[in-house]
Structure formats: structure tokens, C-alpha cells
Amino acid sequence: ILSNNGFKVINVGIKTELEEYLDVMRTKEIHAIGMSGLLVKSTQVMKDNLETMASMGITTPVLLGGAALTRSFVDDFCRPIYKGAIFYCRDAFDWVIAMSRIEKYNADPSVGLDTRLGGDMVERATKEVIDIVIPPFEEIKMPSEVRIPTPPFWGRRVLRKEQLDFDMVCEWVNKRSLFKMHWGYKRAGMPVDEYKKLLETKVYPAYERIKNEIVKRGLFDPTLIYGYYPVRSSDQELLIFDESYGWNIDENANRQPLDDVIGNAKYVFEFPRQRKAPHRALSDFFAHTRDDVLPLSCVSVGDKFSEYEKELYANNEYLEYNMVHGFGVELAEALAEVAHKQIRLDLNIASDDEGFSLRDVRLNRYAGARYSFGYPACPDLEPSRIIFDLLRPEEFGITLSETYQIHPEQSTTALVVHHKEATYYNI
Ligand code: B12
């Protein structure tokens, strides 16, 4: 968007060391630095970079953005450590406004440099200062007891391109997210008829065109790994057993007391407890007095998308780059939905009205829920490591970095809760 508005952008890339930014600064005349934080970990890197830049006496204006960035993080952690101007940009158009102001200021500093943008005008949520007391475990009302489903196997299973029909996966693509969030086709006050026409004449044809392009270029190279592991819950902990546990696939899952089996646990997920009622922790949805089943998944669309995106970027085809990128990431989400549907089918918990084949799409209102580490009910990213240890996606080229980013980019992991009362909440 910046390039399309006449600004020159030097892309230093993804997961770039500060040194590479500094190299560009030393060799080129630059007017601003932009950093994007998709994951919370990357916002921490932003702060570290600002600190180092400040210690070097750099005051070049900085533009910050990205899904994981919040106004309070910018105000409380970034602005105080950096002397130069900092713009908190919530969307791509904020960049254009910020850059135009920087340009005017550089031409005539007497006009001053206003760094306030839309995101700075929003009222900041005031922090509750009252001490919140989470009641002891015994006093927290647990979800109701449910039948524990029997998985068709224990351990993992892998589906590749041959088993994952591209058209079927596309059925699971959330078109709303793709068209509105990634491609920017928002209704924004447009009359319903006009928006419908836009979708029919422009957006859906673009969708079909890119879909064909993906097939033609062989970009879709999926891996879908899912598996079932015996677990027990113990307050905020979910104890996970592995292959050595002596699994028994039948309705009479192990009912030995927790104390007798606790020593066999190979891994533990520790979930935070919600501060307000009903004080939920994800472990509450699993059985305490007998073995329960934990489904896990790890999906990836492969690395061909990123390669093609690089090519488009290098050829200055920014619009196409953005369209393809959006499609690729929504395909990752779609694969995660396919895995979840497969799990509902395997566990026999798919509801009567959603249909019983992978082609029967239902993007919400189903039994149970899918959670990913890093999302509000389980914000810590570290336990992703355990999912990797159990599902071993490295064998298919999917890796987890030290900062818990997954490579290829269009990949995601999840844990599934089969309990019918499972809902999404913030801790
Ligand atoms: C789509 C999506 C995915 C996709 C694609 C991710 C990707 N690589 O692009 C998939 C399904 C692959 C995915 C996976 C994961 N995701 Co995700 N994902 C999202 C989601 C829903 C949308 C992000 C997005 O693409 N938005 C559209 C783009 C265009 O918007 P944007 O990034 O915000 O950028 C705009 C502005 O911020 C601004 N901007 C951005 N950068 C910059 C930079 C500058 C300089 C400026 C000026 C402006 C600017 O301009 C942009 C255009 O308007 C967000 C939640 C959300 N609603 O934002 C979570 C989110 C980013 N994901 C999250 C998480 C946790 C994950 C996973 C770790 C989950 C997991 N355990 O598997 C993985 C990690 C994947 C990996 N490779 O490591 C968290 C990150 C927070 C955290 N805890 O770190 C988020 C924020 C969800 C949440 N918790 O609410 N995810």
C-alpha cells in the first residue's frame, strides 16, 4: 500500500536481526523504520530493537503495527525508551498518513510531527486495581460429567496431498475472513445490494482465479497430522501419557486413582485459571477420576506459498502478493478445521445436523472446541513444544523455532476439547 502511494519501501524481511536494519540505514537514506509484530514474541523483539537503537542515539521515526501489538504496549513499553517519534499503526492506511506527516515534517520541521493516529484516540481500558481472588479448586463448579469418547486409535495419523482434496479443503476456507480481513473488501456502510454485487462481480471471480493459480503452480502441499493421547486432569494441569502408558481403547478407560497413574505422565499442560467466574481452566473439561482423551493437531499448507509470495514481492506485484498470502493463511485455518471435523467424526461427537463427511462444512456451533496456544484461553506459546514432541511434524518439514514460531508460516497447531460445554474465554 505504501509503494502504491508513491513511497519507496525497502523490505528487510521476516525475523530480521536489527543489524540488517542498521546496515540499510548506513547505506541508504531512510526516513522511517517499520516493524510488524504478528506474535507477542515479536512485539518483545520490537521493544528490544528500540532499546538498542536508543542506546546508539538513533531517533529516526518508527512505525509499529501487527496483529499482536496493542496501544498499551506501545504507550507503556515502547514510547518511554525511544526518543524518536513512534506511530502506532492499526492498519495499512495509518502508514500512509504517518509517512505523509513525516514527509511534511522533513520538508519543514516548524510544522511539528503529530504522531497521534486512530488507535491513539480510542479510550484505554483502565486496569482493575482490585485484588482478584480465585477460589480454591474445591469451590469451583466443574463442567458436567460427559461420556468419554473412544478414539479409533492412539498416537498420530498423517494425511498428505493424496488424501486431502484441494476443493474439499477450499470448502472450509472462511470466506468472510479472507475477503474482509485479508483482502480488505469490507462492506463499510455500502448498501447490501451493492456489496453483494461487488462480491459477485469482483471478489468471487478473484477467489476462483487465485484458486486456479494455486492448482496450476502446485502451491498446495499440505500436511495434516492429528492424534489422540490419554490424559487426566488435576486442577490446572492436564497430565498427558504417551505410547508407553499401556493404552486400552475401550469404553472402560482406566479408572485407577489419579495418584496411582500420576507418575506415568510424560508431559503436562498447565493452563491458567480464568480470573472471573466461572474461573475456568481448560483442564476442567477433562476427567479427573479416569483417563480421558486429548486430540491434538498440526497442519501446514507447505512452503511453496511463501516461495511464490517472495517472487511476487520481488516483481512489485503487491496486490497479487497480498491476495495469495491471504488465501494461503486461510487455507492453513481451513486445514485446522478439516482436522477438527475428522476428530469429531472419529470421536462420534459430530452433531446430527452438521453432516457426517469431511465435505460437510460447519465452521462453528459444533460439539467441543479447538484451542491454539497463544490464544486467549491458553496464551502461553511454550506448550506448543509438547504438541511437536507428540505429533513429530518435523518429519514432514514443519519446525518450531526457539521463540515458538512455526515454519512454514502457514501452519498451526491445536488441542481439541471434546466436552460439549467447552467455550472460548479470556483469562
Ligand atoms: C490469520 C491468522 C493466522 C494464520 C496466518 C498467520 C500469518 N503468518 O499470517 C495462521 C492460521 C497460519 C495462524 C497461525 C498462528 N497464529 Co494466528 N492469527 C491470525 C489472525 C486471525 C489474523 C492475522 C492476520 O493475518 N490479519 C490480517 C493482516 C492484514 O492484519 P495484521 O497482521 O494485523 O496487519 C495489519 C495491521 O496490524 C498493520 N500492520 C501490520 N504490521 C505493520 C507494520 C507496520 C510498520 C505498520 C505501520 C503497520 C502494520 O497493517 C496491516 C494491514 O492493515 C490473528 C488475530 C487477529 N484477528 O489479528 C491471529 C494471531 C496473530 N495468531 C496468533 C497465534 C498465537 C498463532 C499461532 C501461534 C497459533 C498456534 N499455536 O498454532 C500460530 C503461529 C503460526 C506460525 N507460523 O508461527 C495470535 C498471536 C498472539 C500471540 N500470542 O503471540 C493472534 C494475535 C491471535 C490472538 N491471540 O488473538 N494465525
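Mentor: Because the model is predicted, local features need pLDDT of at least 70 and side-chain atom pairs count only at pLDDT 80 or more, whereas totals for chains, interfaces and linings use all residues. Residues are numbered from 1 along each chain as its sequence is written, and side-chain values use heavy atoms, with hydrogens and water left out.

Trainee: Why is Leu-63 called buried?

Mentor: Buried means a relative accessible area under 20%, exposed means over 50%, and partly exposed lies in between, with a 1.4 Å probe and protein chains only; Leu-63 has 6%, so the residue counts as buried. Leu-63 sits in strand β2 (residues 62–65), where helices (H or I, at least four residues) and strands (E, at least two) are DSSP runs numbered from the N terminus. Leaving aside neighbours within four places in sequence, Leu-63 is in contact (heavy atoms within 4.5 Å) with residues including Ile-33, Phe-87, Trp-95 and Ile-102.

Trainee: What makes Arg-79 and Asp-75 a salt bridge?

Mentor: The rule asks for a side-chain nitrogen of Lys or Arg within 4 Å of a carboxyl oxygen of Asp or Glu, and the N to O distance for Arg-79 and Asp-75 is 2.9 Å. Arg-79, at 24% relative accessibility, counts as partly exposed, whereas Asp-75, at 18%, is buried. By this rule the count comes to 26 salt bridges.

Trainee: Which helix holds both Glu-213 and Lys-216, and why is Lys-216 called exposed?

Mentor: Both residues lie in helix α8 (residues 192–217), 3 residues apart, about one turn of the helix, and their side chains meet in a salt bridge at 3.7 Å, N to O. Lys-216 has 65% relative accessibility and therefore counts as exposed, while Glu-213, at 17%, counts as buried.

Trainee: What makes β5 and β6 a pair of strands?

Mentor: Two strands pair if DSSP finds at least two bridges between them, and 4 bridges join β5 (residues 223–234) to β6 (residues 237–240), which run antiparallel. Ser-233 stands opposite Leu-238 in β6, and the two strands form a hairpin with 2 residues between them, where Asp-235 in the turn has a positive phi of about 55 degrees.

Trainee: How do you know that domain 1 and domain 2 bury area against each other?

Mentor: The bounds, 3–121 for domain 1 and 132–427 for domain 2, come from an automatic or database domain assignment. Buried area is the accessible area (1.4 Å probe) that two parts lose on being put together, summed over both; here the value is about 730 Å², of which carbon and sulfur atoms give 63%. Lys-15, Leu-39 and Lys-41 supply 54% of the area that domain 1 buries against domain 2, more than any other three residues. Across this interface the rule finds 0 salt bridges.
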